[in-house]
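The sequence and the structure come next.

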Amino acid sequence: MLASELENIGYKVAHINFENYRKASEEAFLERLGEEVGLNWNIEFKHNELSRIFYQIEKINDKKCVLIIDEVEGINPEYFNDFLHAIRNAYH
């Protein structure tokens, strides 16, 4: 419902569920993140590194975009903290 309401007021919404990524490689995780965000925000991600993906996201200033993540605790603990720090840095 939140995604629909945001889309109604002009936001591009990427909604991702990471429930089954606890044992997924970082490569598989980034592939899913890049594909879902790229598809929903109409952006082609040129990189497959977390810092570079979020750097590209930080540079978006001509679109209103929202990322909704379900089951964030399902992300592999090996790169979970890096992912949270990347989100925090992109936000600031």
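## Charge, core and spacing

At 30% relative accessibility, Asp 70 counts as partly exposed, a class that lies between buried (under 20% relative accessible area) and exposed (over 50%), with a 1.4 Å probe and protein chains only. The model is predicted, so local features need pLDDT of at least 70 and side-chain atom pairs count only at pLDDT 80 or more, while totals for chains, interfaces and linings use all residues. Residues are numbered from 1 along each chain as its sequence is written, and side-chain values use heavy atoms, with hydrogens and water left out.

Asp 70 belongs to strand 2, residues 65-70. Helices (H or I, at least four residues) and strands (E, at least two) are DSSP runs numbered from the N terminus.

Glu 71 is partly exposed, because its relative accessibility is 33%. Its phi is positive, about 55 degrees, although Glu 71 is not a glycine. Asn 42 also has a positive phi, near 55 degrees, in a residue other than glycine. Asn 42 is found in the loop between helix 2 and helix 3, and its relative accessibility of 54% makes it exposed.

Which residues have the most contacts inside the largest nonpolar core? They are Phe 18, Phe 29, Leu 33, Val 37, Leu 50, Phe 54 and Phe 83, in a core of 20 residues. Two or more residues of this core come from each of strand 1 (12-17), helix 2 (26-41), helix 3 (50-58) and helix 4 (77-91). Helix 2 gives the most, with five residues. A nonpolar core is a set of buried Ala, Val, Leu, Ile, Met, Phe, Trp, Tyr and Cys residues joined through side-chain atoms within 4.5 Å. In soluble globular proteins, nonpolar side chains tend to be buried together.

Helix 2 also holds Glu 36 and Arg 32, four residues apart, about one turn of the helix. Their side chains meet in a salt bridge, at 3.6 Å from N to O. A search of the whole structure finds one salt bridge, defined as a side-chain nitrogen of Lys or Arg within 4 Å of a carboxyl oxygen of Asp or Glu. Glu 36 counts as partly exposed at 23% relative accessibility, and Arg 32 is partly exposed at 24%.

| Pair | Apart along the chain | C-alpha to C-alpha |
|---|---|---|
| Arg 22 and Phe 80 | 58 residues | 9.3 Å |
| Leu 2 and Tyr 21 | 19 residues | 24 Å |
| Asn 17 and Ile 57 | 40 residues | 19 Å |
| Ile 60 and Arg 22 | 38 residues | 29 Å |

Arg 22 lies in the loop between strand 1 and helix 2 and is partly exposed, with 42% relative accessibility. Ile 60 is in the loop between helix 3 and strand 2, and its 22% relative accessibility counts as partly exposed. Leu 2 lies in helix 1, residues 2-8, and is exposed at a relative accessible area of 56%. Asn 17 is part of strand 1 and is partly exposed, with a relative accessible area of 31%.
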